[in-house]
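Dear colleague,

I am passing on the structure we spoke about, followed by an account of what was found in it. Please read the text with the coordinates open.

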Amino acid sequence: QLRAQNQVLKKGVVDEQANSASLKEQLKMKDQSLRKLQQEMDSLTFRNQQLAKRVELLQDELALSEARGKKNKKSVESSSQLSQEQKSVFNEDLQKKIEENERLHILFFEADEQHKRLEAELRSRLEVLETDAAQHQAVVDSLTKKYTETIEKLQNDKAKLEIKSQTLEREAKDCRLRTEECQQQLKNLQAALGSRLEESLCIINEKVPFNDTRSARYNALNVPLHNRRNQLKLRDLAGQALAFVQELVTALLNFHTYTEQKVQIFPIDSATDTISPLNQKFSQYLHENASYVRPLEEGMQHLFESITEDTVTVLETTVKLKAFSEHLASYLGFLRKILPYQLKSLEEECESSLCTAALRARNMELHRDMKRLTAVFEKLHTYVSLLALPSTKPEGLLRTNYNFVFTNIAASLHGFHDILKDISKHYSQKAALEQEVPTATQKLITTNDCILSSVAALTNGAGKMASFFSNNLDHFSTSLSYGPKGGAEFISPLSAECMLQYKKKAAAYVKSLKKPCADSVPYEEALANRRVLLSSTESREGLAQQVQQSLEKIAKLEQEKEHWMLEAQLAKIKLEKENQKLKNSLSGHLTETIQEHSVLPNTAEQKKETTEKSLREPIKSTSLAPDAESREDLIKTHYMARIAELTSHLQLADSKSVHFHAECRALAKRLSLAEKSKESLTEELKLASQNITRLQASKFLCNDELMTTKRSYEDQLSMMSDHLCSMNETLTKQREEIDTLKMTSK
């Protein structure tokens, strides 16, 4: 299709080019005709100018003749006749010229207009044709470029496919060879396995007196294969479930606590009036929620701790699941106990005068939601108690029903999440309506916000739990139905417990068999590290030198430490003396001021002011003492920190210098070893080059010998061929002689 379009576009471009060439020729013809008309127009204008000048001259002559006619009428009459005749001739000639000039002007104007119009049309058409030609050329260029790219791409693809086909053919050949080898190996393995099977069967029949896998009771006591990955996965899942249960427990505690506060606030505030006995009993029961909710978290924690890496976690061995089921049953009993009071409380709230029709409708929706919530918890308790049966009564739940129970638990959790979403929606509407009540207090608004936040947390936790259980449903169904090899299940919890004890004993026995091997360096590694050991910085001399230097530094540091300890003790003694002097001076000044105050009790107010000032001054001075001490402590701590920093920097610099020195020594040793190896390698290189030259010389000698032997063989062959030719000639001669003899004999 693209090639056909390309041919059509090429034909269109050629046609347009021919049209543009014909239009250019027509334009040239029109230009030539226009030039001819222009020349004619110029000649006519020149002729008109001449005629105009002649008319002017005739008019002047006429004026002169009229002036002369006044003198003589006779001459005028005679001349008038002549002038009138001439005038009429001139007028007719002039009239003809004017008409001819007008006609030429009209023709010229029409020709000019037609030429301009035709020129404009041709120019516009030429522009259109040029644009079309440019577009067609661009299309042609793009198509040619595209075709060349596609051709190159196809050629590359063809080359790649050819290479790929060649590689596939090679791989097919290799695969055929491999299949043949594998078939041969399979035959050998089948033969070997058949012989080994016969031997093992003979050994089993002779040596094994009892096969416990045939009996389900005895097989349940066998330790199954340990699946560590499965145990780690189950522990991880149990940890996630514990986190979700903890989140649900905190949300339930908050929900029941804030519901208790709400009952005591609305519709009657217990601070201002007594609430109904029903709400009192309801709040009393709600106050006990922690004793029912907290054990759920504890039971899940114990279940998580029972799942370890070393145990075999199946429903028959998860004994802690029974305790969690009992805690869930106790919480379900708590919900059943508070449900009637909660429903009656909502009905009582609907009967109050503050309750509007919309608020009553929301209360009735919550009435239904609370019933549904209790029903969902009953379902969950039923299925969890079924899962706890294999650890106590294995006949109560068959393994074929495990998947059904897990599926129903996932469905119940999703239903729990949906009910909590409805409760959150209805309670938010109820809280918005209660805010519009005229007697609504700030305490009621904050309590409603807290209840909404707890319900939202409950909804999020239930959603996470439902999605978590649904995502891991297959893993629960397969991993918790794990059993001993050759058996379908554990017979009883007692057999599972015995199996775990046997597993511990087997693990202890295998651990006792594992004796730690003596630490040693492999021979290959020792050979590889020989060069490093030769150039190691941790040689005996280097270590001795480093130890000597470090001992000297330690001695110097100990001396400096003793010196500075003495300096610090002296400074401390000086400081105590200065403090004692300061205290003595302050106490003496205070006693003097007190004596003066006792001697002059009845002085004027000015003296009292002076004594007060004098008393205030020592107080200020005493207050400056702890400031000076704190300043000294700050200076001391600053300098101590600075000294510690400088010492750490100094130690770091010393260690770096020692390290660099050791590295330089190691590099010097390595350099000497490298020079020795270089010398040995150069010698080996010289020997190798000498061997190469010897081999090349021997090669040339061998080639010469081969050429000589070849020439000798060729000479021998030529001689043999000559001898054969002579033999053939002699044979032919003998045959001819025999033929002649035969002829003569005949």
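Thr-447 is buried, since its relative accessible area is 3%, where buried means under 20% relative accessible area, exposed means over 50%, and partly exposed covers the values in between (1.4 Å probe, protein chains only). Thr-447 belongs to helix 10, residues 442-471, and helices here are DSSP runs of H or I with at least four residues, strands being runs of E with at least two, numbered from the N terminus. Leaving aside residues up to four places away in sequence, Thr-447 touches Tyr-258, Gln-261, Lys-262 and Ile-265, a contact being defined by heavy atoms within 4.5 Å.

Before going further, please note that this is a predicted model, in which local features need pLDDT of at least 70 and side-chain atom pairs count only at pLDDT 80 or more, while totals for chains, interfaces and linings use all residues. Residues are numbered from 1 along each chain as its sequence is written, and side-chain values use heavy atoms, with hydrogens and water left out.

As to the protein overall, there are 16 helices and zero strands, and 22% of its 746 residues count as buried. Among the contacts with a separation of 6 or more, 86% are between residues 24 or more positions apart. The protein exposes about 54500 Å², of which carbon and sulfur atoms supply 57%; accessible areas come from the Shrake-Rupley method with a 1.4 Å probe, and for residues only the protein chains shown count as cover.

Lys-262, one of the residues that Thr-447 touches, also takes part in a network of salt bridges that links Lys-262, Glu-349, Lys-430 and Glu-434, a salt bridge being a side-chain nitrogen of Lys or Arg within 4 Å of a carboxyl oxygen of Asp or Glu.

The C-alpha atoms of Asn-363 and Glu-349 are separated by 8.1 Å, and the two residues are 14 residues apart along the chain. Asn-363 counts as buried because its relative accessibility is 0%.

Glu-378 is partly exposed, as its relative accessible area is 30%, and Arg-336 counts as partly exposed at 46% relative accessibility. In the other case, Lys-344 forms a salt bridge with Glu-347, with the closest N and O atoms 3.9 Å apart. Lys-344 and Glu-347 are separated by about one helical turn because they are three residues apart in helix 7. Lys-344 is partly exposed, with a relative accessible area of 47%, and Glu-347 counts as partly exposed at 28%.

On helix packing, two packed helices are described by the angle between their axes and the distance between the axes. The axes of helix 4 (residues 228-265) and helix 6 (residues 290-306) come within 9 Å and cross at roughly 175°, the axes being lines fitted to C-alpha atoms, for helices over the stretch in contact, with angles running from 0 to 180 degrees between N-to-C directions. Helix 4 and helix 6 are therefore roughly antiparallel to each other, a description that applies to angles over 145 degrees. The residues that meet include Leu-242, Val-245 and Val-249 in helix 4, and Val-293, Leu-296 and Met-300 in helix 6.

With kind regards

Key:
Parallel < 35°, antiparallel > 145°, perpendicular 65-115°, else oblique.
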